[in-house]
Amino acid sequence: MPVLDELELQRAFNSFCKKLLRNEAINAIVALQRRKNTVLNFSDINFDEEVMVGSYDRTIDPDTEYLVQGRKISNAQLIKAINQLAEPYRKVIEYYYFYELNYRLISIMLGVSRSTVQSRRSKALGWLRKDLEENSDVCNTNS
Amino acid sequence: MYAIQILDRKNDDRGLMPFETIIDAISGDCVAMDQVLNHYDNQMNYLSTCHIRCEEGYLIPMINMEIKDRLASRLIQGVTRFSIEKFESIQKTKFQHDRYPNELT
């Protein structure tokens with residue numbers, strides 16, 4: 001006859017392994033289904049139509065200009081204004097607008113709360129607006 | 001008249017791994033780990049079956065090896081993390097190298 005303590009350990013080990021296998025099987029099946037919904041096979045693509053298979057890198061041209069509320073703003077001015085911000089505010093602007101992440105992901109990456117990210121973004125936007133209004137030229141569209 | 005076998009449920013150890021192999025597997029012995037994987041092979045097969053519909057229209061059970069490999073690797077990972085802190089009496093008497101006195105000397 002096995003001693004009771006040994007038997008306890010054997011039973012605990014058995015139930016531990018079974019539970020672990022069951023949970024992992026659920027994880028695996030969910031992952032497989034998610035992949036099935038999102039991934040497209042290369043053989044399924046119909047090349048008769050126009051399909052974009054690759055992507056290209058967009059570099060920023062410093063000379064392009066935009067008209068915003070009657071003012072002319074170039075990319076170079078925008079980059080200069082963003083670089084003048086303090087580092088935590090600049091990072092929020094980068095992650096939100098250039099990498100297109102949401103507040104929750106940014107808060108995990110920077111290690112601060114979600115509402116902090118939100119307030120930093122709005123503050124940084126206000127400073128950027130003030131900075132650009134002072135430095136940009138007024139453009140008359142009517143003339 | 002028919003007879004029913006009365007089982008001693010307190011001391012029943014059918015379907016369980018032997019105690020020594022469990023201790024070996026937790027401490028990282030590869031032979032014992034292989035025995036653990038063999039012991040739970042049927043369970044893993046059962047969990048990783050998926051049914052594929054054939055051309056005649058009925059379902060065929062097939063083992064998805066992708067899921068099974070994932071289960072096996074997770075089992076190995078989990079067994080090494082299994083804690084025996086609850087079973088203090090075993091730790092005192094058996095786990096502290098009392099079972100292999102010849103190896104230490």
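**How confident is the prediction?**

For the complex, the predictor gives an ipTM of 0.76 and a pTM of 0.53. Chain B has a mean pLDDT of 82, and 80% of its residues reach 70 or more. Within chain B, the confidence is highest in helix 3, at a mean of 94.

**A look at chain A**

Let's begin with the overall plan. Chain A contains five helices and three strands, and reading along its sequence gives the pattern α-β-β-α-α-α-α-β. Of the 143 residues in chain A, 10% are buried. If you take the contacts in chain A between residues at least 6 apart in sequence, 52% of them join residues at least 24 apart.

The three strands of chain A make an open sheet in the order 1-2-3, with antiparallel pairing. Strand 1 (65-68) and strand 3 (137-138) are its edge strands, each pairing on one side only.

Just after helix 3, A:Glu100 adopts a positive phi of about 60°.

**A hairpin in chain B**

Strands 1 and 2 of chain B form a hairpin, with five residues between them. In the turn you will find B:Gly57, which has a positive phi of about 115°. Is strand 2 of chain B (residues 59-63) largely in the open or buried? The number of buried residues among its five is zero, so strand 2 lies largely in the open.

| Strand pair | Sense | Bridges | Residues facing each other |
|---|---|---|---|
| Strand 1 and strand 2 (71-74) of chain A | antiparallel | four bridges | A:Glu65 and A:Ser74 |
| Strand 1 (49-53) and strand 2 of chain B | antiparallel | five bridges | B:Ile52 and B:Ile60 |

**Where the chains meet**

How many residues of each chain are in contact with the other? The count is 20 residues of chain A and 22 residues of chain B. On the side of chain A that touches chain B, there are eleven nonpolar, two polar and seven charged residues.

**The nonpolar cores**

In soluble globular proteins, nonpolar side chains tend to be buried together. In this model, the largest nonpolar core has 18 residues. Those with the most contacts inside this core are A:Leu21, A:Ala25, B:Ala25, B:Tyr40, B:Leu71 and B:Leu75. Which helices each supply at least two residues of this core? They are helix 1 (4-38) of chain A, together with helix 1 (19-26), helix 2 (30-39), helix 3 (41-47) and helix 4 (65-81) of chain B. Helix 1 of chain A gives the largest share, six residues.

Leaving aside its neighbours within four places in sequence, B:Leu75 is in contact with A:Cys17, A:Leu20 and A:Leu21 from chain A, and with B:Leu37 and B:Tyr40 from chain B.

Note on methods
Residues are numbered from 1 along each chain as its sequence is written. Chains are lettered from A and ligands numbered from 1 in the order in which they are written. A nonpolar core is a set of buried Ala, Val, Leu, Ile, Met, Phe, Trp, Tyr and Cys residues joined through C-beta atoms within 7 Å. A residue is buried if 20 or more other C-beta atoms lie within 10 Å of its own, exposed if 12 or fewer, and partly exposed in between; C-beta atoms are placed from the backbone. Two residues are in contact if their C-beta atoms, placed from the backbone, lie within 7 Å. Two strands pair if DSSP finds at least two bridges between them. Ala, Val, Leu, Ile, Met, Phe, Trp, Tyr, Cys and Pro count as nonpolar, Asp, Glu, Lys and Arg as charged, and the others, Gly among them, as polar. pLDDT is the predictor's confidence in each residue, from 0 to 100.
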